[in-house]
Amino acid sequence: LTGKQELIWQYFVPRKPVNFFYATNGEFPGKQIDRIFIDIDRQENSSEDALKVTRSLVKIIKKDKEFAKLLKFKTFIMWTGSSFHIYLLLARKINLAFYNTYLSYGEKKEKSFIMKWAELTSEKTGLNVKAGHQREKDAIILDSSNTPSGKLARVPFSLHISGDKIDGISLPISEKQIEDKKLIDKLKKLGADDVVKNLNSYYKLIPG
């Protein structure tokens with residue numbers, strides 16, 4: 001196989017042709033970062049709980065004056081078919097050291113924004129919200145670990161697969177939409193034909 005064919009096999013074939021992922025900040029480790037990726041890993045919590053967390057987290061991030069002093073960004077929200085992803089699209093690129101200091105999680109992370117945001121989101125929603133990657137029973141995890149280059153994230157318009165069942169379609173979502181308390185019901189009722197009919201409106205939500 002050529003190098004390109006190996007990448008295609010690695011990214012797509014194991015996940016089937018409907019479950020597409022892309023390299024979030026480039027295909028190989030060590031590249032600069034132009035977007036922060038936060039996975040709202042709801043685990044056993046409901047999609048409605050994930051929506052509450054997403055709604056609260058977006059507001060907390062946008063109101064964080066300390067973070068705004070360091071980085072300028074635009075938010076991009078995506079429904080995965082089951083939960084949500086939040087992107088912070090950066091006006092200037094950052095390196096891995098900056099990410100490790102301010103946007104990763106773990107012990108001795110006093111300057112980590114993702115740790116602070118998780119705590120504030122937990123307080124605002126009354127849900128058990130934590131920053132991390134490892135699954136924890138009854139907790140919603142804010143996972144930023146797929147931000148560094150070489151890591152993968154789901155693309156818009158791919159199909160979400162649970163076991164052997166297609167149970168959702170990943171779609172861009174506006175900040176106005178996440179205020180809709182009936183949003184989850186509406187998203188779960190969408191079929192492929194509905195998405196195709198409204199492609200132009202979805203495309204407008206995807207940053208150029």
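Trainee: In this predicted model, at what distance does the side chain of Thr80 reach the backbone nitrogen of Ser82?
Mentor: Thr80 sits in the loop that runs between β3 (73-79) and β4 (84-94), and its side chain has a polar atom 2.8 Å from the backbone nitrogen of Ser83. The side chain of Thr80 also reaches the backbone nitrogen of Ser82, and there the distance is 3.1 Å.

Trainee: Is Thr80 buried or exposed, and what is its relative accessible area?
Mentor: Leaving aside neighbours within four places in sequence, Thr80 is in contact with residues including His85, Arg154 and His160, and Ile169 and Ser170 are also among its contacts. A residue counts as buried when its relative accessible area is under 20%. Thr80 is therefore buried, since its relative accessible area is 6%.

Trainee: Which residue has its backbone oxygen 2.7 Å from a polar atom of the side chain of Ser144?
Mentor: Ser144 belongs to the loop between β6 and β7 (152-154), and it is buried, with a relative accessible area of 1%. Once neighbours within four places in sequence are left aside, its contacts are Phe37, Tyr99, Leu103, Ser104, Tyr105 and Ile114. The one among these whose backbone oxygen lies 2.7 Å from a polar atom of the Ser144 side chain is Leu103.

Trainee: How far apart are the side chains of Thr75 and Glu175 in their polar contact?
Mentor: Thr75 is placed in strand β3, and, with neighbours within four places in sequence left aside, it is in contact with Lys62, Tyr87, Leu88 and Glu175. With Glu175 there is a polar contact that joins the two side chains, and its length is 2.5 Å.

Trainee: What separation do the C-alpha atoms of Leu70 and Phe157 have?
Mentor: Leu70 lies in helix α3 (residues 65-70) and is partly exposed, with a relative accessible area of 29%. Beyond its neighbours within four places in sequence, Leu70 is in contact with Arg92, Phe98, Tyr102 and Phe113. Phe157 stands 87 residues from Leu70 along the chain, and the separation of their C-alpha atoms is 32 Å.

Trainee: Which residue has its C-alpha atom separated by 35 Å from that of Asn100?
Mentor: Asn100 is part of helix α4 (residues 96-102), where it counts as partly exposed at 32% relative accessibility. The residue in question is 81 places from Asn100 along the chain, and it is Lys181.

Trainee: Turning to the chain as a whole, what radius of gyration does it have?
Mentor: The chain holds 8 helices and 10 strands. For 208 residues the globule rule gives 17 Å, and the chain comes close to that, so it is as compact as a globular protein of that length; its radius of gyration is 17 Å.

Trainee: What percentage of the contacts between residues at least 6 apart in sequence join residues at least 24 apart?
Mentor: The C-alpha atoms fill a box of roughly 45 × 45 × 35 Å along the principal axes, and buried residues make up 44% of the 208 residues. Of the contacts between residues at least 6 apart in sequence, the share that joins residues at least 24 apart is 65%.

Trainee: How far apart do the centres of the positive and negative side chains lie?
Mentor: The chain exposes about 11900 Å², of which carbon and sulfur atoms supply 52%. Its charged side chains comprise 36 positive and 25 negative ones, and the centres of these two sets are separated by 6 Å.

Definitions and conventions
Residues numbered from 1 in each chain as written. Predicted model: local features only at pLDDT ≥ 70, side-chain atom pairs only at ≥ 80, totals over all residues. Heavy atoms only, no water. Helix = DSSP H or I, 4+ residues; strand = E, 2+ residues; numbered from the N terminus. Rg over C-alpha atoms; globule rule 2.2 N^0.38 Å. Buried < 20%, exposed > 50% of the residue type's maximum accessible area, 1.4 Å probe, protein only. Contact = heavy atoms within 4.5 Å. Areas by Shrake-Rupley, 256 points an atom, 1.4 Å probe, with all protein chains shown as cover. Lys, Arg positive; Asp, Glu negative; His and termini not counted. Charge placed at Lys NZ, Arg CZ, Asp CG, Glu CD. Polar contact = N/O pair within 3.5 Å; in protein donor to acceptor, adjacent residues only side chain to side chain.
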